[in-house]
Amino acid sequence: MEPIDNRPVATLEIMREVIKASPFNSLLGAEILECGKGIAELTVPIRPELTQHHGFAHGAVVGCVADNACAWAAASVVGDVVTSEYKLHLLAPAIGDRLIGRGRVIKASSRLVIAAADVYAVKDDKERHVATMLATIMPVGKPSRPAQE
């Protein structure tokens, strides 16, 4: 998927800097693995302080991974973004060593991006699908130059 309206878009290198500048993502230990052309992949270690009373990753952490995957996939197409809304389905307990979020853009325009993400818990090198998300993402800012028709 190509950038919309000639906007400067997120790349793997840019997203690594964004994570460093984001206190919450730094706290989570988020690491971006892939970002470009409408897709993004990240990982977050499941540490005891990120779990709930049953010992698996808290739903808010799972939701954050899914939201980041959607937003970062969108940013790779339209540049700087904010999440407008999302629907999160928690499918199974997130038990394991780490979470992986894989996001993809479904449709992008200069005003809205519809993105989806799946989150997997990894235990003993086996992935278990634990959540899925559908999100509406909004670009912020303006294109760097007028779009070519």
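This is a predicted model: local features need pLDDT of at least 70, side-chain atom pairs count only at pLDDT 80 or more; totals for chains, interfaces and linings use all residues.

Student: What makes strand β2 and strand β4 a pair?
Tutor: Strands are DSSP runs of E with at least two residues, helices are runs of H or I with at least four, and both are numbered from the N terminus. Two strands pair if DSSP finds at least two bridges between them; β2 (residues 39-45) and β4 (residues 98-108) are joined by 7 bridges and run antiparallel, so they count as a pair.

Student: Why are β1 and β3 called edge strands?
Tutor: The open sheet has 6 strands in the order β1-β2-β4-β5-β6-β3, with antiparallel pairing. β1 (31-36) and β3 are its edge strands because each pairs on one side only. The partner of β3 is β6 (residues 126-139), over 9 antiparallel bridges, and there E85 stands opposite T136.

Student: How do you know that α3 packs on the sheet?
Tutor: Contact means heavy atoms within 4.5 Å, and α3 touches β1, β2, β3, β4, β5 and β6. Its direction makes about 40° with that of β4, where axes are lines fitted to C-alpha atoms, for helices over the stretch in contact, and angles run from 0 to 180 degrees between N-to-C directions.

Student: Which residues lie nearest the centre of the largest pocket, and why is it called a pocket rather than a cavity?
Tutor: On a 1 Å grid over the protein atoms alone, a cavity is a set of points where a 1.4 Å probe fits but cannot get out, whereas a pocket is an open set with protein on both sides within 12 Å along at least five of seven lines, and lining residues have an atom within 4 Å of a point. This one is classed as a pocket, so its set of points is open. Its lining has 19 residues, of which M15, V18, W72, D80 and V81 lie nearest the centre. Among the elements that give two or more residues are α1 (12-21) and α2 (23-28), while α3 gives the most, with 6 residues.

Notes. Residues are numbered from 1 along each chain as its sequence is written. Side-chain values use heavy atoms; hydrogens and water are left out. Grid points are joined across faces, edges and corners, and a volume is the space filled by probe spheres set on the points.
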